[in-house]
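Here's a quick walk through a couple of local spots in this chain. Have the structure open while you read.

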Amino acid sequence: MSTNSNIGIRYENGQIDSIYCHWDGGFDHNGQILAKSYNDVEKVKELIELGDISSLGHHIASDNPYNHTFDSPEPGVTVAYYRDRGEPWLCVSRDCCEDEFKDQQYSYLFDVVKNRWFFSEEGGPFINLVSCVRFLETV
C-alpha cells in the first residue's frame with residue numbers, strides 16, 4: 001500500500017505550486033529527505049518542475065541518466081513519471097489554495113519567505129518540519 005503526499009512551494013505572493021508523490025510520503029521517509037536534502041529554494045523549484053513523482057530520493061537526478069530508469073532506479077534518486085517512465089506530462093499544480101494542497105495524507109510545503117519546510121498530516125495545521133526532524137533525532 002502506498003502513502004501518498006503532496007510536495008509544494010509557496011512563493012512570496014502566496015502562490016503554491018505542487019506535485020504529487022505516490023510512495024513513502026510519510027514523515028519518516030519524505031519528511032526526512034526534504035528536511036535534509038532539499039533545504040535550498042532552487043533545489044525545491046527543480047524538484048517541483050519534475051512534475052508528479054513516484055518516489056522521492058535525496059537526489060533529483062542521476063549523475064549518469066542511463067543508469068536510472070523507472071523500472072531500474074538508481075538508489076537515492078527521485079523517480080519521476082514523465083522523465084523516467086515516459087508517461088504524459090502531468091503538469092505542476094499551479095496557484096492552488098492551501099486546502100486543495102492538503103488533500104493527501106501528508107503535505108509538505110516549502111515557504112520561500114520563511115525559507116523552511118512545513119508539513120501537515122491528514123489536512124491538519126502546518127508544523128515546522130525541521131524542528132520535528134531534530135526532535136526525533138534526539139529521542
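Two strands pair if DSSP finds at least two bridges between them. Keep in mind that this is a predicted model.

Let's start with the hairpins. Strand β6 (residues 106-111) pairs with strand β7 (residues 116-121) in the antiparallel sense, and six bridges hold the count. Pick Tyr108 and look across: its bridge partner in β7 is Phe119. The hairpin these two strands form has four residues between them, and Asn115 in the turn shows a positive phi of about 55 degrees.

β7 also has strand β8 (residues 127-128) as an antiparallel partner, this time over two bridges. Here Phe118 has Asn128 as its bridge partner in β8. Five residues sit between β7 and β8 in their hairpin, and Glu122 in that turn has a positive phi of about 55 degrees.

Now over to Ser62, which you'll find in the loop between β3 (53-55) and β4 (79-80). Is Ser62 buried or exposed? Its relative accessibility is 12%, and the cut-off for buried is under 20%, so Ser62 counts as buried.

| Ser62 group | Partner group | Distance |
|---|---|---|
| Ser62 side chain | Glu74 side chain | 2.5 Å |

If you skip neighbours within four places in sequence, Ser62 is in contact with His68, Glu74 and Val77. Glu74 therefore turns up both in that contact list and as a polar partner, given that contact means heavy atoms within 4.5 Å.

Methods: Residues numbered from 1 in each chain as written. Predicted model: local features only at pLDDT ≥ 70, side-chain atom pairs only at ≥ 80, totals over all residues. Heavy atoms only, no water. Buried < 20%, exposed > 50% of the residue type's maximum accessible area, 1.4 Å probe, protein only. Polar contact = N/O pair within 3.5 Å; in protein donor to acceptor, adjacent residues only side chain to side chain.
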